Amino acid sequence: MNSVSASTFSPELTGLAKKPRSLWGDAARTFSRNKAGMAGLVVAIFVLMIALIAPWIIPYDYAHQDWERVRQGPSATHWMGTDSLGRDLFSRVLMGIRTAVMVAMIVTFSTAIIGVLVGAFAALVGGWIDTIAVWIMDGLLNFPALWLAAFVTVVTRPTIMRLADDLYKSTSLAFFKDTVVLDYLVVFLCLSFVWWAGLGRLVRGQVLSIREKEFIEAQRAIGASPWWITIRHLVPNVLGQVIVHMSTQFGFAMLAESSLSFLGIGIRPPGASLGYMIFAGMASWRSDPHLVAMPGLTLALIILAFVFVGDGLNDALNPRIRER
Amino acid sequence: MKEKVLEVRDLRTRFFTHEGMVAAVEGLSLQVESGDVVGIVGESGCGKSTAALSFMRLLPPQGKIIGGEIILCGQDVVSLPAEQMRLLRGPKIAMIFQDSLAALDPTMKVGDQLMEPLQIHMKLSRADARHAAIELLNKVGIPSPEKRLDAYPHQFSGGMRQRVMIAIALSCNPRLLIADEPTTALDVTVQKQILDLMLQLRDELGAGIILITHDVGVVSEICDRVVVMYAGREVESGGTRDVFLMPRHPYTAGLLNSSLSLGHDRRQALRAIPGLPPNLIHLPPGCPFAPRCPRVVERCREEMPALREVVLGHEAACWNMEE
């Protein structure tokens with residue numbers, strides 16, 4: 001591979017005194033030198049923490065309406081002010097982050113699983129299965145993702161609602177009557193349905209290119225079975241790219257949830273969503289800009305953080321760039 | 001006591017491409033006994049690597065062996081089921097690649113890669129395999145192997161990596177070792193060390209070696225016998241001394257004239273062979289070397305010469321041989 005420049009042949013790097021470095025150790029070191037990446041990582045971890053503990057740290061009940069304090073600007077008691085129903089915006093933003101992170105987590109991991117399985121399977125099996133998989137992935141990628149997700153939401157929601165209603169009747173579990181939970185479910189489903197294709201195509205391309213590398217040939221030459229080669233050599237070589245893709249995708253999944261909610265087809269009240277908050281604030285953004293600015297800036301900051309993390313990981317895990 | 005580790009008779013390998021059928025190997029025969037070093041020389045694209053991949057049964061999907069026999073340690077490899085063939089790679093036949101950096105997995109420690117064939121074929125436990133790996137690194141002359149096991153390929157120098165490749169290839173005591181341009185990517189000083197190492201290990205293990213190269217200097221140094229290939233065909237073969245001192249085929253003579261050696265007479269210019277090897281898809285009738293041959297006669301363009309024994313064990317395929 002062309003990943004190693006002439007400098008790696010120098011004696012001080014090949015000398016015995018040098019402690020063996022691991023690929024991941026190397027990557028961690030490169031990443032820690034990337035300022036934007038580290039800043040992004042700090043924000044990202046902070047965001048994940050908030051998402052985890054939001055219900056216990058919010059200063060007010062995020063759905064509590066206080067008609068005495070409607071549309072107030074930021075103050076010592078309400079750090080981000082209050083909305084048109086007198087709810088504490090800070091509490092709502094924190095809960096909105098929780099919503100977005102929850103959606104992003106599930107969507108990112110489920111798309112990773114679908115994308116890796118389909119992409120790798122298509123590349124390894126080849127033939128008409130590969131052709132069909134590529135066809136489906138290209139088809140999904142060529143639609144505007146959000147438009148497609150919105151379409152899927154609108155089409156599937158009544159079905160899912162009816163199904164949940166039937167399930168509630170037969171099982172009488174409260175779970176099936178909770179519309180907030182069902183909103184989440186619909187958003188997860190449609191975003192995952194649309195988003196796995198990008199990763200699938202990436203994994204397929206990676207597997208196809210790595211499979212042609214000489215070290216895979218060398219593995220066959222020592223009598224390794226196809227399974228052995230896949231598990232021990234193909235997977236670790238593809239993993240770096242998958243991790244980079246997932247970290248960037250995480251931020252965009254949060255944005256997608258907000259966009260759907262902004263359009264009114266994602267999370268609906270009383271569930272808290274940054275996108276819906278922006279939508280609600282739009283009505284009076286001239287007089288109360290904080291209603292749009294607070295959730296909007298929060299969202300922008302979070303997405304930027306995840307993009308920086310993804311960028312940093314890409315530099316750290318992609319040896320061709322690392323050697324520069 | 002010598003045993004026959006590889007016998008190839010009239011091997012014919014084809015590539016089926018969009019542009020047409022490529023006659024990559026056309027009628028190659030050779031024999032390797034344990035302890036032998038047999039060289040296959042020729043220009044790039046003459047079919048020497050394809051021949052090696054045919055012996056290993058590792059041809060790419062569009063490549064196919066359409067004729068001949070390859071008998072590896074008494075077993076006909078051509079008709080063997082894929083799974084049985086896989087089990088022969090490692091314990092019976094192994095290969096060293098040209099670019100050691102490309103041939104090692106960049107994400108895996110050298111030690112783990114060295115342990116893999118032992119785990120696959122000898123079913124050794126991790127601890128046992130690790131001990132065996134340390135021993136192997138010792139054998140190929142890598143200092144403090146316990147430490148080097150945990151290093152990654154990019155932390156090794158080119159020569160060290162080639163030693164690791166040799167250790168991996170020899171880990172299961174193969175009877176036949178195929179080295180495809182093993183020293184091409186290395187410094188001249190390191191080349192000599194690697195060649196010496198291969199010879200030393202051959203003496204220890206008694207394996208046969210096939211050395212594939214375009215470097216006639218390397219061949220003259222370590223090979224007992226040599227096969228010269230041109231356009232997929234075997235044009236001359238015999239003992240290295242016989243062939244290189246008295247080349248019968250004009251292509252062999254051309255190869256020797258175009259290579260530099262220490263004893264080279266400086267007043268005599270290095271003579272390249274004019275022209276390029278032919279397109280293997282549309283081979284003209286007759287000898288494929290005819291368009292570039294200084295001794296070409298009318299018959300060469302019409303009829304392909306067969307291999308003819310000139311002296312015992314030395315054969316060449318030419319209508320117009322230097323006797």
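Axes are lines fitted to C-alpha atoms, for helices over the stretch in contact, and angles run from 0 to 180 degrees between N-to-C directions. Helices are DSSP runs (H or I, at least four residues), numbered from the N terminus. The views show a predicted model, in which local features need pLDDT of at least 70, side-chain atom pairs count only at pLDDT 80 or more, and totals for chains, interfaces and linings use all residues. Residues are numbered from 1 along each chain as its sequence is written, and chains are lettered from A in the order in which they are written.

**View 1. Helices α3 and α4 of chain A.** The axes of α3(A) (residues 35-57) and α4(A) (residues 89-125) come within 8 Å and cross at roughly 105 degrees. The two helices are therefore roughly perpendicular (65 to 115 degrees). On α3(A) the contact (C-beta atoms, placed from the backbone, within 7 Å) involves A:V47, A:L48, A:I50, A:A51 and A:A54. On α4(A) it involves A:L94, A:M95, A:I97, A:R98, A:V101 and A:M102. Of these residues, 10 are nonpolar (Ala, Val, Leu, Ile, Met, Phe, Trp, Tyr, Cys and Pro), one is charged (Asp, Glu, Lys and Arg) and none is polar (the others, Gly among them).

**View 2. The contact of chain A with chain B.** Chain A gives 26 residues and chain B 35 residues. On the side of chain A, α1 (11-14), α8 (214-221) and α9 (226-262) each give two or more residues. The most come from α8(A), with six. This side has 15 nonpolar, seven polar and four charged residues.

**View 3. Confidence along chain A.** The mean pLDDT (the predictor's confidence in each residue, from 0 to 100) of chain A is 82, and 90% of its residues reach 70 or more. Over residues 1-18 of chain A the pLDDT is below 50, and this stretch has 26 contacts in the model beyond near neighbours in sequence. Where pLDDT is low, predicted coordinates should not be read in detail.

How values were computed. Two residues are in contact if their C-beta atoms, placed from the backbone, lie within 7 Å. Angles under 35 degrees count as roughly parallel, over 145 as roughly antiparallel, 65 to 115 as roughly perpendicular and the rest as oblique.
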